[in-house]
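This report describes selected features of the structure shown below.

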Amino acid sequence: MDHHFILRVVAKMLMPPIMLYALYVQFHGDFGPGGGFQAGVIFAVAFILYGLVFGLDSLRRVVPPAIVRAGIALGTLLYAGTGIYSFFKGKNYLDYSALADADNPVAGQHLGILLVEAGVGLTVASVMIAVFVAFAARAPEIKDTDW
Amino acid sequence: MKLRNLFAVVMLSGVFSLLSAGLFVAMDAVDVAFTEAAVGAGISTVLMLGTLALTHQEEKPAQHSRALPFLVVFVTGAALLYGTADLPPFGSANTPVQQHVAPEYIERTPEEIDVPNIVTAVLASYRGYDTLGEVVVIFTAGIAVIVLLHGSSRPRRREEDEEAET
């Protein structure tokens with residue numbers, strides 16, 4: 001991938017806006033369309049674009065497979081852990097009112113939604129990157145002359 | 001129309017996905033449209049292309065008769081069309097869906113959850129258990145793909161083949 005100068009430059013320029021947009025979708029999900037699922041996919045797209053243009057080895061250096069695999073589990077754990085926390089605070093499983101003081105259940109709901117959406121986003125982004133890497137690692141690397 | 005080039009088929013399915021995302025926007029389901037555009041048109045197309053790189057670009061000609069698949073598709077399509085006759089008109093406020101729990105969610109969200117996007121309130125809080133299930137499904141699918149595909153890259157397999165031959 002030593003040629004394709006324009007492709008590399010444009011991909012590099014696009015990556016920060018994609019990530020920023022993913023974060024916007026993640027945290028603006030309470031107010032408009034979007035949420036963890038969509039944000040996770042968009043965030044993963046930035047890394048998949050990087051892997052497509054700069055090769056799989058570069059992608060592996062940026063996000064080591066161990067971190068991606070940990071992210072898959074951590075996101076699910078964050079979601080389920082939020083539920084277990086409210087469980088131990090004496091409320092129902094996943095009743096976010098337990099996350100704040102008893103006189104302010106709405107704040108607990110806000111915090112709970114933020115936490116579970118973060119968990120969803122982390123898991124979805126990690127799974128998408130992991131699936132892409134798993135597929136791409138099996139294909140022989142496309143040579144520069146084949147383009 | 002017949003298409004044997006799988007690359008074109010993947011591209012067409014991506015286009016179809018993007019068009020249905022537009023359709024969802026027109027039907028006021030922006031959250032669904034968002035997901036369809038990101039997952040259906042974006043990631044799926046990339047993964048399909050990744051699969052094509054592992055297999056072949058051309059579909060092999062079918063050996064068996066095409067009468068049975070055609071019959072199955074025809075009957076299923078006819079059943080679906082027959083089913084749409086019973087659907088309530090689009091946007092009707094008197095459908096059972098709109099009268100069951102939806103009014104309760106709309107009424108209770110401002111005071112109980114207080115987020116402007118009621119879809120998020122339903123998805124993350126009222127139906128948090130279902131969403132946890134969805135996350136676990138994605139988790140399981142990701143783990144399954146890693147288990148199936150990880151650690152068996154092609155170069156290594158070739159080495160094993162050579163070892164087997166010697």
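## Two loop residues with positive phi

B:Asp28 sits in the loop between helix H1 (6-26) and H2 of chain B. Helices here are DSSP runs of H or I with at least four residues, numbered from the N terminus. B:Asp28 is not a glycine, yet its phi is positive, at about 65°. B:Asp28 counts as exposed because it has 9 C-beta neighbours inside 10 Å; with C-beta atoms placed from the backbone, 12 or fewer others within 10 Å make a residue exposed, 20 or more make it buried, and values in between make it partly exposed.

B:Asp114 lies in the loop between helix H5 (102-112) and H6 of chain B. Its phi is also positive, near 65°, in a residue other than glycine. With 14 other C-beta atoms within 10 Å, B:Asp114 is partly exposed.

## Basis of the model

The model is predicted: local features need pLDDT of at least 70 and side-chain atom pairs count only at pLDDT 80 or more, while totals for chains, interfaces and linings use all residues. Residues are numbered from 1 along each chain as its sequence is written, and chains are lettered from A and ligands numbered from 1 in the order in which they are written.

## Contact between the chains

Chain B gives 41 residues to the contact and chain A gives 44 residues; residues are in contact if their C-beta atoms, placed from the backbone, lie within 7 Å. On the chain B side, helix H2 (30-54), helix H6 (118-126) and helix H7 (128-149) each give two or more residues. That side divides into 25 nonpolar, 12 polar and four charged residues. Ala, Val, Leu, Ile, Met, Phe, Trp, Tyr, Cys and Pro count as nonpolar, Asp, Glu, Lys and Arg as charged, and the others, Gly among them, as polar.

## H5(A) and H6(B)

The axes of helix H5 (residues 105-138) of chain A and H6(B) come within 10 Å and cross at roughly 80°. H5(A) is therefore roughly perpendicular to H6(B), a term for angles of 65 to 115 degrees. Axes are lines fitted to C-alpha atoms over the stretch in contact, and angles run from 0 to 180 degrees between N-to-C directions.

H5(A) contributes A:Gln109, A:Gly112, A:Ile113, A:Val116 and A:Glu117, and H6(B) contributes B:Thr120, B:Ala124 and B:Ser125.

## Nonpolar core

The largest nonpolar core has 51 residues, and A:Ala44, A:Met128 and A:Ile129 touch the most other members. H5(A) gives the most to this core, with 15 residues. Such a core is a set of buried Ala, Val, Leu, Ile, Met, Phe, Trp, Tyr and Cys residues joined through C-beta atoms within 7 Å.

Terms used. Two residues are in contact if their C-beta atoms, placed from the backbone, lie within 7 Å. Angles under 35 degrees count as roughly parallel, over 145 as roughly antiparallel, 65 to 115 as roughly perpendicular and the rest as oblique.
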